[in-house]
Amino acid sequence: MLSFFRSNQFLVAIPLALYIILLHLGALMGAVHPLPVAGDGGLLYESWFNWVAARPVFSAAMAAFLVFIQAISVNALADEFRLMGERNWFPGLFYALTASALPDFLFVTPPLVAATFLPFSLWRIYKAYQKPNVSVAIFDGAMWISVASLFYPPALWLLIAAFAGYEVVRVFRLFERFAFVVGAVVPLFLAWLWYFWANSGGAFRDMQWGGLFQLYQFDAVWDFKLVLKTVLLILLAFVFLFGLGSLYSRKGIQAQKFVSVLYWFMIVGSVSMLLRPEWRWEHLLLPASVMAILLSLSFQSMRNRFWAELWHLGIFAFVLIIQFSDQLLKF
């Protein structure tokens with residue numbers, strides 16, 4: 001299957017769309033049911049997407065469409081900055097796999113919508129690499145994360161990763177740091193101004209910042225599906241570790257810096273999961289784009305293509321087993 005996606009032809013988007021539909025088939029058929037609404041969406045999510053919770057099939061179809069658009073943007077990011085060395089559709093493929101890996105990911109949620117804006121932030125960070133007069137790119141990098149937080153407030157923690165990313169790719173001067181802060185503040189200020197005008201400034205503060213500083217209570221109930229999800233994460237982590245050496249050893253300084261930025265986003269996006277009051281797997285959709293690129297690099301570094309195919313098919317099959325685990329247990 002991977003051989004289809006080693007090409008850089010635009011028509012590969014068609015099998016990518018079919019791949020995403022197959023991964024979302026359980027939700028589209030009604031075999032996978034959405035979880036109870038967490039109520040952690042930002043003001044724009046509540047205004048624009050909250051209504052889809054009552055329409056599971058439509059929510060699943062919209063989620064598949066969002067993943068397709070996001071996969072294309074992630075692939076375009078990797079192509080533009082030659083993150084893969086050679087252009088192919090691996091980033092789009094592995095984004096589709098990562099963003100559809102768990103049943104919790106198969107419906108429209110605040111983290112899924114917020115994840116749409118992360119590739120644009122990474123794009124602007126990479127554009128600032130060793131270039132003069134990049135205040136606009138720095139402003140934009142922070143702004144896109146701030147916009148994402150209007151759909152999912154915990155996305156605001158990724159400003160830490162973006163700030164560190166600029167520190168990695170360039171000498172981050174004082175004026176540029178000021179541009180970064182302004183970029184982070186402007187979308188939130190404009191949104192607050194709108195709510196303040198409507199006499200709802202307090203509601204805005206509670207929705208956007210009220211739940212940012214919480215700690216997970218570690219009261220998860222272990223069951224068969226939770227074990228499967230944990231095993232899948234361990235498998236993906238093993239692939240990361242397997243390809244870690246090759247991610248740096250055979251790349252130039254620019255590519256190494258770009259990969260370091262990806263790791264910053266993955267670490268901050270994952271650790272911020274512990275700042276939620278309960279364990280919500282869909283939070284992992286925030287760093288899904290960087291996880292997909294790192295997975296792509298790991299699979300591309302595998303010299304034996306047969307083993308790469310076997311690993312991919314194994315993970316793909318395991319994803320389907322998790323999604324249909326309830327039906328398998330009944331059978």
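The side chains of Glu 80 and Lys 127 come together in a salt bridge, with 3.9 Å from N to O. A salt bridge here is a side-chain nitrogen of Lys or Arg within 4 Å of a carboxyl oxygen of Asp or Glu. This is a predicted model, in which local features need pLDDT of at least 70 and side-chain atom pairs count only at pLDDT 80 or more, while totals for chains, interfaces and linings use all residues. Residues are numbered from 1 along each chain as its sequence is written, and side-chain values use heavy atoms, with hydrogens and water left out.

Back to that pair: it links distant parts of the chain, 47 residues apart, with Glu 80 in helix H4 (residues 56–80) and Lys 127 in helix H7 (residues 118–127). Helices are DSSP runs of H or I with at least four residues, numbered from the N terminus. Glu 80 is partly exposed at a relative accessible area of 39%, and Lys 127 is partly exposed at 27%. Buried means under 20% relative accessible area, exposed over 50%, and partly exposed in between, using a 1.4 Å probe and protein chains only.

By the salt-bridge rule, the count comes to six. Here are three of them, including the one above:

| Salt bridge | Closest N and O atoms |
|---|---|
| Arg 170 – Glu 176 | 2.8 Å |
| Arg 173 – Glu 176 | 4.0 Å |

Glu 176 is buried, with a relative accessible area of 6%. Shared partners join Arg 170, Arg 173 and Glu 176 into one salt-bridge network. Arg 170 is buried too, like Glu 176.

Now for some helix packing. Helix H9 (residues 158–169) and helix H10 (residues 174–197) pack at an angle of about 155 degrees, their axes 12 Å apart. Axes are lines fitted to C-alpha atoms over the stretch in contact, and angles run from 0 to 180 degrees between N-to-C directions. H9 is therefore roughly antiparallel to H10, a label for angles over 145 degrees. On the H9 side, the contact (heavy atoms within 4.5 Å) is made by Leu 159, Ala 162, Phe 163, Tyr 166 and Glu 167, and on the H10 side by Arg 177, Phe 180 and Ala 184.

Last comes helix H15 (residues 288–300), whose 13 residues reach 18 Å from first C-alpha to last, close to the 18 Å expected at 1.5 Å a residue. That expected span is 1.5 Å times one less than the number of residues. H15 is mostly covered, with twelve of its 13 residues buried; among them are Val 290, Met 291, Ile 293 and Phe 299.

Methods. Helix = DSSP H or I, 4+ residues; strand = E, 2+ residues; numbered from the N terminus. Parallel < 35°, antiparallel > 145°, perpendicular 65-115°, else oblique.
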